[in-house]
Amino acid sequence: MGEFWPVPDVLAYLAGQWRVERSVRDLAGDERGEFRGTTVFSPLEGGGLLHQESGTFVWQGVPRPAERTLRFLPSREPGAADVWFADGRPFHDLDLTSGRHTADHPCSADLYRGEFTVTDADHWRTVWRVRGPAKDLVLTTDYARVG
């Protein structure tokens, strides 16, 4: 990817509704899936954003409803955020002040490595590479602002 678009305040940037398109590749089994839906980042009482994603995930030709909830809370670093699972477990940090960020999340014996890139005011992408004894995946998600 060429130019990155710096984001001085990730929480202000993310606020609102985004169209989501995600491809999932299982490299071990050479299988593919896709998710299409929306993500809404709404204000949390006390600061931060509630991330609510919903849509349809298609795996092996079978569509299923899918959703997830995360919390994006202000970080100690200006303009950055700490991302938490809905159950209160930490997920990763997120600092897009350069327009690009890499984060790791160990999950049992697997390692999730995420690369976040921003291309402009209305488009950003995440690519998660998951490696370990249980998984060998690439998840690529494109976000486009709605409205």
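This is a predicted model: local features need pLDDT of at least 70, side-chain atom pairs count only at pLDDT 80 or more; totals for chains, interfaces and linings use all residues.
User: What makes the chain as compact as a globular protein of its length?

Analyst: The chain has one helix and 10 strands, and its elements run α-β-β-β-β-β-β-β-β-β-β from the N terminus on. Its radius of gyration is 15 Å, and the globule rule gives 15 Å for 147 residues, so the chain counts as compact as a globular protein of that length. Along the principal axes, the C-alpha atoms fill a box of roughly 40 × 35 × 35 Å. Of the 147 residues, 37% count as buried. Among contacts with a separation of 6 or more, 38% are between residues 24 or more positions apart.

User: Why is Y13 called buried?

Analyst: Y13 has a relative accessible area of 7%. Buried means under 20%, so Y13 is buried. Y13 lies in helix α1, residues 10–14.

User: Which residues does Y13 contact, leaving aside neighbours within four places in sequence?

Analyst: The partners of Y13 are W5, V7, W18, V118, D120, A121, D122, H123, W124 and R145.

User: How do you know that the charged end of R145 sits over the ring of Y13?

Analyst: The distance from the charged end of R145 to the centre of the Y13 ring is 5.3 Å, and the limit is 6 Å, with a further condition on the angle to the ring normal. R89 and F85 give another case: the charged end of R89 sits over the F85 ring, 4.3 Å from its centre.

User: How many aromatic pairs are there, and why is the pair of Y13 and W18 called tilted?

Analyst: The count comes to 10 aromatic pairs. For Y13 and W18 the ring centres are 5.5 Å apart and the planes stand at 50 degrees, so the pair is tilted. The reasoning is that planes under 30 degrees apart would be stacked and those over 60 edge-to-face, with the rest tilted. Both Y13 and W18 are buried.

User: What makes the pair of F116 and W128 edge-to-face?

Analyst: The planes of F116 and W128 are at 85 degrees, with 5.7 Å centre to centre. The edge-to-face class begins over 60 degrees, and centres must lie within 6.5 Å to pair. F116 is in strand β8 and W128 in strand β9 (residues 123–131), so the pair links distant parts of the chain, 12 residues apart. Both F116 and W128 are buried.

User: Which residues do ring pairs link into a cluster?

Analyst: The cluster consists of W5, Y13, W18, W124 and Y143. One of its members, W124, touches Y13, L14, W18, F41, F116, T117, V118, T141, D142 and Y143, not counting residues up to four places away in sequence.

User: Which residues touch the most other members of the largest nonpolar core?

Analyst: That core has 30 residues, and L14, F72, L94 and W124 touch the most other members. Its largest share, four residues, comes from α1. In soluble globular proteins, nonpolar side chains tend to be buried together.

User: Why are D30 and S108 called exposed?

Analyst: D30 has a relative accessible area of 59%, and S108 has 77% relative accessibility. Exposed means over 50%, so D30 is exposed and S108 is exposed. D30 is in the loop between β1 (16–26) and β2 (31–43), while S108 is in the loop between β7 (100–107) and β8 (110–120). Phi is positive at D30, near 50 degrees, in a residue other than glycine. For S108, also a residue other than glycine, phi is near 55 degrees.

User: Is E3 buried or exposed, and what makes that so?

Analyst: E3 counts as exposed, because its relative accessibility is 70% and the cut-off is over 50%. E3 is in the segment before α1. The C-alpha atoms of E3 and T119 are separated by 6.9 Å, although these residues are 116 apart along the chain.

How values were computed:
Residues are numbered from 1 along each chain as its sequence is written. Side-chain values use heavy atoms; hydrogens and water are left out. Helices (H or I, at least four residues) and strands (E, at least two) are DSSP runs, numbered from the N terminus. Buried means under 20% relative accessible area, exposed over 50%, partly exposed in between (1.4 Å probe, protein chains only). Contact means heavy atoms within 4.5 Å. Rings of Phe, Tyr and Trp (its six-membered ring) pair if their centres lie within 6.5 Å; planes under 30 degrees apart count as stacked, over 60 as edge-to-face and the rest as tilted. A charge sits over a ring if NZ of Lys or CZ of Arg is within 6 Å of the ring centre and within 35 degrees of the ring normal. A nonpolar core is a set of buried Ala, Val, Leu, Ile, Met, Phe, Trp, Tyr and Cys residues joined through side-chain atoms within 4.5 Å. The radius of gyration is taken over C-alpha atoms; the globule rule is 2.2 Å times the number of residues to the power 0.38.
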